[in-house]
Amino acid sequence: MAAFVHQSVLPEEVLAGLTPKDHGHYLDATVGGGGHSRLMLEAAENIQITALDQDPNALAAAQKNLADFGDRVTFWHGNFAEFMPQDSSFDGILADLGVSSPQLDRPERGFSFRHEGALDMRMNPTQELTAADLVNHGSERDLADIFYHYGEERLSRRIARRIVERRPFQTTTALAETIAASVPGKYRHGRIHPATRVFQALRIAVNRELDVLEQLVQISPSWLKPGGRLVIISFHSLEDRRVKHGLRDHERLKVLTKKPIMATENEIRRNPRARSAKLRIAERL
């Protein structure tokens, strides 16, 4: 687990949003390597943390990172949409929706096309559906819809047609090369790699990310004590739009951030992946 090193984004802003208090109980719905949870545990006395993650590697890393806090941290393996708090209520809830650096940087996880790896993309490796299943068995129309709705890819139909013509695919690099070959030269040499939006779309579809996010925003306010804070960090417009509208429209919440909180230039220099992070805060009425 020493290889699972992830730099948490917006650390000061998360603490300011949650305002941890002595003897409080907080839910870290996406604990990752435990960075945000450690900050909370150190910010006030005798805080209790319930830490969730669907990635067993991340959960094991968090258990190691937070071992010195003993039974002040309770761990649970699974997606936050499946979590049932039983009789617990929380003073604050944090959800950092980003893909962690170790997930992106390990080729065998299949999240990135920078290195050759299996077309996997599962956050929870125990689930059955993989990106290879979608790419190799989905219809041309279904793939185009995934690329358009989850990746906002304007050439979705052209890319889906080429994928269906050339499949099956087993590796990330083979798929990325086919995507690049299916688009015009000007598009191919643009600011971002032409496979970026397609890979985002496949990851979202494999893990049902937008569906479970909407569930979290709808259900989690009932887990908060009055005055408790819900803090959510998103990383692309599809997520942020759902967080913004979900917090605004929820009858039990008061939105505290009219506009999302972004990383400072200093943080972006230290951690470039913080550039796209957007933090929103709401309080339980």
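# Reading burial, contacts and ring pairs in a predicted model

Q: Which residues are buried in α12?
A: Leu238, Glu239, Asp240, Val243 and Leu247 are buried in α12; the word means under 20% relative accessible area, with exposed over 50% and partly exposed in between (1.4 Å probe, protein chains only). This is a predicted model, in which local features need pLDDT of at least 70 and side-chain atom pairs count only at pLDDT 80 or more, while totals for chains, interfaces and linings use all residues. Residues are numbered from 1 along each chain as its sequence is written, and side-chain values use heavy atoms, with hydrogens and water left out.

Q: How is the length of helix α12 to be read?
A: Helices (H or I, at least four residues) and strands (E, at least two) are DSSP runs numbered from the N terminus. The expected span of a helix is 1.5 Å times one less than its number of residues. Helix α12 covers residues 237–249, 13 residues in all, and its span from first C-alpha to last is 18 Å, close to the expected 18 Å.

Q: What covers the buried residues of α12?
A: The cover includes the helices α6 (140–151), α10 (196–207) and α11 (209–219), together with the strands β5 (224–234), β6 (253–255) and β8. Contact here means heavy atoms within 4.5 Å.

Q: Where does glutamate 283 lie, and in which strand?
A: Glutamate 283 belongs to strand β8, which runs over residues 278–284. Its relative accessibility is 18%, so it counts as buried. Not counting residues up to four places away in sequence, glutamate 283 touches Gly227, Gly228, Arg229, Arg252, Leu253, Lys254 and Leu256.

Q: Which side chains does a polar contact of 2.8 Å join?
A: A polar contact is a pair of N or O atoms within 3.5 Å; within protein, one must be able to donate a hydrogen and the other to accept it, and residues adjacent in sequence count only if both atoms are side-chain atoms. The contact of 2.8 Å is between the side chains of glutamate 283 and arginine 229.

Q: How many aromatic pairs does the structure hold?
A: Rings of Phe, Tyr and Trp (its six-membered ring) pair if their centres lie within 6.5 Å; planes under 30 degrees apart count as stacked, over 60 as edge-to-face and the rest as tilted. The structure has three such pairs. One of them, phenylalanine 83 with tryptophan 223, is edge-to-face, with 5.5 Å centre to centre and 85° between the planes. Phenylalanine 83 lies in the loop between β3 (73–77) and β4 (90–96) and tryptophan 223 in the loop between α11 and β5, so the pair ties together parts 140 residues apart in sequence. Phenylalanine 83 is buried at 7% relative accessible area, and tryptophan 223 is buried at 8%. Ring pairs also link Trp76, Phe83 and Trp223 into a cluster.

Q: At which residues does UniProt place the feature "binding site"?
A: The unreviewed UniProt entry places it at Gly34, Gly35, His36, Asp53, Phe80, Asp96 and Gln103. UniProt positions follow the numbering used here, feature names are shortened, and annotations may be inferred rather than shown by experiment. Aspartate 53 sits in strand β2 (residues 48–53) and is buried, with a relative accessible area of 10%. A polar atom of the side chain of aspartate 53 lies 2.9 Å from the backbone nitrogen of glycine 32. Phenylalanine 80 lies in the loop between β3 and β4 and counts as buried at 9% relative accessibility.
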